[in-house]
Amino acid sequence: MSSPIINIQNAYDQYLTHDNGTRTYLQDCLTETQEFKTQLRKLKAHLNKHIQETKSLESNDTENKIRLEKRRSLILDKLNKSYKQWDNSIVKHTKRSKQGLTKFNSVALSSFQRFNIDNIYNNRISNAYKKDIQGAVQSHICRYSLSDVPVQDTEKLLRYLQNVYDMSPELSSEFIMLGQILYGLSHRDFQSCWNWSYIEQQNNQSHMMRTLRYKLYIFKALIMTQTESVEDVCYYLVNQIPQGTFQNEKVDFAKDASAMLGQLMIQGKINNFDSYCDKIASECRDSFTQEYCSLYNLPNESPLSLVIMSGILSSQFFMKYAQIKSSAHIGWTTANELPFDVDLPDSLTHFHPVFICPVLKEETTTENPPYSLACHHIISKKALDKLSKNGTISFKCPYCPVQSTISKTQLIRFVML
Amino acid sequence: MEKTTANEENPGFKYFESFMGLNESSFKIPYSLLNANFKQFEISVHKEASKLKQKLSLVNDLMSAGTLDDEEDALSELNDMIKEVNTFEKQLHHKISKEWNLLTRIKKRAKFYNEMNDTYEKNNFKGINEWYQKYTNLLIADYLIRNCTLEQQQQAQNETGDPELCNPGIIFLKQKHMEHLIDSDVLTKANEISISLTSQHDLKPLMEWIKSNKQRLVRRRSHLEFKANFQRYIELLLNFDIGGAIHCLQTSLFTYIGNHFDEVTSACGLLVYIERCIEQTTFQSKSIAPDISSDDIDHLTVKQNSKPGTHFTNDNDAYSYFFHCSPPSKEIDQIDSTEIVSPTNIQHLFNAKSLEKYTSLLDQSSWSNLSDLFLDEYYSMYNIPKNDPLLIYISLGISALKTKECLHDHPQIDPQYDVLNHYSSDDKLENPCPICSKYFAPLSEDLPYAHHTESKLFDNPVMLPSGNVFDSSRLKLLANTLREKGIVKLNKDEVIDPIEKTVFNESDFVTMYPT
C-alpha cells in the first residue's frame, strides 16, 4: 500500500469515533439529541401529571403541597440537568468532528504530490475532432458496456443507445449480439451463447471454438446441478460431452469436469456454488468475447482504453518534464516529437516495429528507410549516404570491420507478425 | 511473454505517488464537501442551542413562579422545546446521511486506487488491464457529464423517464456501479449551469451560484459577477426593455465602474444607440405602415415623442448624429427600415455602420464566453482540471504511442494469410495499433511522435530475399498454421512471405543484426 492511500485510510479511521469505527461524531450528536428528546418527553409527562394533581388537590392540604413543591423542583432540576448534558456532549462531539476534519487535511491531503493535470496538456486536441472522440467513446461503450444496459430487446436496445449515448444504429448494431449474449452469461443463461457457438462452429473451422465450447459444457453442467438429480448431472458429464472436447495439449480441460464429478459423487453438491458459477461464467464471457471479436474483426481491446493506459503511464514523464522545464526554463526542442523517452510496457509497443538508426540515433521513416549492409548490420539511408559519400566510395560498417559498398546494401522493411 | 511495468524490487506501481497527485481532487472534493456540511451543522447547532437555552430559561422562570397557570405555560413551552428538538433531529439526519455519502466516497476511492497498486504488486496482468479499463470508464463518465447538451439531456430523459437520470454520464456511471468514484453532483451542477447559459440563455442558475459563492469570487477578484450582470443588461436591451436596462445599469453595473470603466461606458453608449434605433425605426415604420402596433414599441415611442427633432430620415443621419461626422463611404448594404427592430436586424444595422465595438457586445457568442468564464471559476474552486481529463490522457497517450510508422499505408498482410492474429487457446490476441484506428487516426496527425532512443523490434530477426525482415519463429509458426489449415501448400522447410506472397526456403533466411 502506498503512502497517500495509507494516509487517507488512517485519516478516515481517525475521523470515525474510536469505540467501534463505524460511527461518526455527528451520529453521536444524533444519539444524544434523541436521548435528550426522550428525557424532555418524560419530563413533559411528569409535569402534566403534576399539573393534573395540583388541580385536583384541595388548596389547604399542606402535606401534599410540600410533596408537589418537591416534585416540581425535581422536574425543573432534571430538565436543567438534561439540557446541560445535551449541550455539553454536543459541544464535545462537534469539537471532535472538527478535529477529525482538520487532521484529514493536514495528514492525508497534504501528503499528495500536488500537480495540476492541466499543466501537462501541451498538445491540445482541437474541438474539430469532437466527433472522432465521440466515436471512440461510443465504440468503447459498445464494446464493453452493452450487457450493463437494462433493456436487452434488440430494437429497444438500439433505441436506448441512440437516445442515451447518441449512438447511430450502424455503430451499435455491430455489437448488439455481443452485448446480448454477454448479458445472458452474466445472468446464468448460457443458451444464447451455446447456440451462437454451435452455429459458428458449424460454419467455421472446428478447432476455433474449442475453449469456449468446453467452458459452456461445464457451465451447463453446473447450472444443471441446481435442478437435476446428481445422477443426471454425472451422466451428462461422463457421457454427453463429446470426448473430443477434452483433447487439447495445452489446457487441462478435464480438470474442472473431474473436480465437479468428484464433488457430486462424494457430497452430492458443488462447494461454493455461487462463486464457482461466477468464475465459470466470467471465463465463458472472456472466451466468448475473444472468439466473437476475432470472428467479426472487432478490436479485442478498445483503442480508447489502450490510449488511456498509455496516457496514464506516460503522464509521469510529462510531469517530470514540466517540472524540469519550469525550473530550468528550457523549451520544447523538437516540434513534432516528444522531448523525452516514454517507457511503456511491451503490450503497448508491439504495434509497429521501431528501428533507431545507430549512426543518426533517429527513428527510420519512409523517407529515411533502413538499409542492410554487407555484414547484415542495419543503418538508415541518410547515414548510408553520409558514410558512402552518396555511394561514391566503399566504407567500413560502423559496427564491424567489414567493408561495404552501396551495391552490397539492400533496402529492408521490418514486419511484425 | 507479457511483461508488466512492475518493478520486482519495488513492488507496486512505480509512479503511484505521482499518479495519485493527479487524482488529488478525488479526495479533496469530498473533503471540502464534508467541511461545508460540517460548517452548516455547526451553524444549526449554534442556532438550536441558543433557542433551547432561551426556552429553558423561560421554563425556569415560569416554574419558579409556582402558580398553576405558569406551570401550564411552562408545559406548553416544554412542548415547543420538544418540537424544536424534533426539527433539529431531522436536520441532523440529513447532515449525517450526507456525511456518510461523502465518507463512502472517500473509502471507495481509497480502495479503488489501492486496487491498482495491488494488481501491480501481484503482477496480475489481467487485473492491471481491468483496472485501466475501469479508470477509462471513469474518464468517459466525466467526459459525458461535462459535455452533455440540452438536447442529449432531453433525449436521455425521454428514455429513462426520470428527470434525475438525464445525463448520459450519470447513467453510464450507474450501469458501471461506479457512482462513488466521481463527484458527479459537482460536475452535473457545472454542466447544468453551463447548459442554461449556452442553450437557454438563462442567467438565473448562474446568479444563484454567484450569490452563494460571492465571498470566494471577491477573494479571487473574479470578473464573473460583472460579466453576468453585463449579460443581463444586454439581454434587457435586446428585448427593448429600456426601463429595465436603465435600472440594471444604475443598480448593478455602476458598482463595477472602478474596475470595468470601459465596459460600463460602452454599456451606456449602447443604451443610447439602441434607444435611438428603436425610436427611429418605429417612427419610420409608423409613417409607412401606421397600423403596425407592438405594445412595447408603442409605449416607447409615446415616451420618446416628447423629444422632437431626433428622428432620422436615414441611417447616415443616425451615424452623423452620434459621431458628429459623416459615415464611412464604404457603405455595406442598406437596412430595410420598414422592418421592425428585432435583435437580429439591430445587429445588422450596427454591422452596416461598422460599429464593431457595439456589435461585439451584442454578439450571441458572449453566452459561451460567459459559460467558459463560469466553468473556469467553478473548476478552480474545486481544483478540478479545466480541460477534460479524457482529452488530456488521450493527448498524452497518443503521443507516447505514435511511431513514425503510424498513419502510413502499410504493406498489407493478405487477409487469407493473416491467421496468426486469431485467438488460439492461450495466445493473447495481437491488437491493431490504436493510433491507426478509425477514430484516433485523424486527431493523431496533429500530435507529436514519441521519442525513442532504442529500437523496439522482435527476437530472431531474419531477412528474406524480398527484403522483408520477420521474427523467424513467428514466420515458421505462420507457415505451420497455413499448412495445417490447408490454406497454402508448403513443404516442410518452406515459409511464405505474407506481404510479397512468395514462398521461400528456410535456408534463404539471413540473420540480421539490428542494433
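Over residues 357-400 of chain A, the chain is 16% helix and 18% strand, with the end C-alpha atoms 15 Å apart. Helices (H or I, at least four residues) and strands (E, at least two) are DSSP runs, numbered from the N terminus. UniProt, in an unreviewed entry, annotates residues 357-400 of chain A as "zinc finger region: RING-Gid-type"; such annotations may be inferred rather than shown by experiment.

This is a predicted model, where local features need pLDDT of at least 70, side-chain atom pairs count only at pLDDT 80 or more, and totals for chains, interfaces and linings use all residues. Side-chain values use heavy atoms, without hydrogens and water, residues are numbered from 1 along each chain as its sequence is written, and chains are lettered from A and ligands numbered from 1 in the order written.

In chain B, the unreviewed UniProt entry lists residues 200-244 as "domain: CTLH". That span of chain B is 73% helix and 0% strand, and its end C-alpha atoms lie 20 Å apart.

Back to chain A. An automatic or database assignment divides chain A into domain 1 (4-113), domain 2 (188-296) and domain 3 (339-417). The centres of domain 1 and domain 3 of chain A, over C-alpha atoms, are separated by 81 Å.

Last, a helix pair. Helix H5 (residues 154-165) and helix H6 (residues 169-186) of chain A meet through residues including A:Leu157 and A:Leu161 in H5(A) and A:Ile176 in H6(A), contact meaning heavy atoms within 4.5 Å.
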